[in-house]
Amino acid sequence: MVEIINVYRNMETGAIIEQGHPVNNTLLIVYVAIMMLIPVALYVFRAIGLYVMAKRAGLKCKVMAIFPCIWIYVACKLCGKQRVFGRTFEQIALLFCILFTIAEVLAFAYEFLAYFPIIGNMMQGNGTIYISNAVLDSEKYVPTIVSSLYGEAGRYVDPYGGAVYLILTILYYLTAVTDIVSIVISVIIYFNLFRKYWPQHFILGLILSIFGLFGIFVFVVRKREPVDYAKYARERYQNTYGYNPYNQNPYRNPYNNPYQNNPYQNQPKNNGNDSPFSEFKDKKNEPEDPFDEFK
């Protein structure tokens, strides 16, 4: 049995209180297995999807699709000549791959150091996990960096202190920056990759990929042929609104009016007479004004 101990401080007395909750080992193993199964499955889907797409595109770097972090390089190559920040993806593939790898390595280092004592205690058979909902100053409990900064509930308590604690603090602030870089790179790739291989629903693919389902969607589109999105959008417009011969100014004749030119523009002028019925006038037959004598 593994015992989870909640450690908190009594707000009235200030005393530190421990409450233990025994957890069955089998239940804990099943929970961890399920939590690990989901990211592993998404990883496999992504690797297969990118590998097949790279193979169909004739890329020599297709094997890189199965490795963590550097799959970004393959994804950039698949985006090809689409432009971002003034350059094509082929030109900035290596830069994106390096930045993304740095961000992922720092994030993994922080998570590993923050939670390794918990895993280590379980592997050594200590069977105790401390969870704190308060910032503790006791020598027995050294809170994680997250708990120390914000006092958030439900954070694990680890036995680190001194130099390791300082390293965790530095990693915490570094990952706050590199995580933003990683997210920006991922979103740019999702947007351009789906726009090339799934133009009908690329916004849907982008949104759901941001929520972690990129592996599933890239697996679904792995056998699709790439398209030129600008050409696709133009053809879709023409299919929706009909053929438009005025490509330079599509709004010149939006209703496809065959009489775009004024049919009356070549009619002869009425010689300065503003009346449209002047040709029907016969001044000799016009009746006299009955009020002339009063003028």
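I took contact to mean heavy atoms within 4.5 Å, and I began with Thr178. Leaving out residues up to four places away in sequence, I found that Thr178 touches Ala103 and Leu106. Thr178 lies in helix H5, residues 163-197, where helices (H or I, at least four residues) are DSSP runs numbered from the N terminus. I noted Thr178 as buried because its relative accessible area is 13%; buried means under 20%, exposed over 50% and partly exposed in between, with a 1.4 Å probe and protein chains only.

On the source, I recorded that this is a predicted model in which local features need pLDDT of at least 70 and side-chain atom pairs count only at pLDDT 80 or more, while totals for chains, interfaces and linings use all residues. Residues are numbered from 1 along each chain as its sequence is written, and side-chain values use heavy atoms, with hydrogens and water left out.

Next I looked up the nonpolar cores, each a set of buried Ala, Val, Leu, Ile, Met, Phe, Trp, Tyr and Cys residues joined through side-chain atoms within 4.5 Å. The largest has 34 residues, of which Ile72, Leu78, Phe89, Phe96, Leu193 and Phe194 touch the most other members. Two or more residues of this core come from each of H1, helix H2 (71-79), helix H3 (89-123), H5 and H6. For Leu78, setting aside neighbours within four places in sequence, I listed contacts with Leu50, Met53, Ala54, Ala57, Leu59, Leu193, Lys196 and Tyr197. A second, separate core of six residues includes Tyr110, Ala114, Leu168 and Tyr172.

I then turned to salt bridges (a side-chain nitrogen of Lys or Arg within 4 Å of a carboxyl oxygen of Asp or Glu), and the structure holds two. In one of them Glu225 pairs with Arg56, with the closest N and O atoms 2.5 Å apart. This pair links distant parts of the chain, 169 residues apart: Glu225 is in the loop between helix H6 (202-220) and helix H7 (229-241), and Arg56 is in helix H1. Glu225 counts as exposed because its relative accessibility is 54%, whereas Arg56, at 45%, is partly exposed. Lys81 and Glu90 also meet through their side chains in a salt bridge, at 3.8 Å from N to O. I noted Lys81 as exposed at 65% relative accessibility and Glu90 as partly exposed at 35%.
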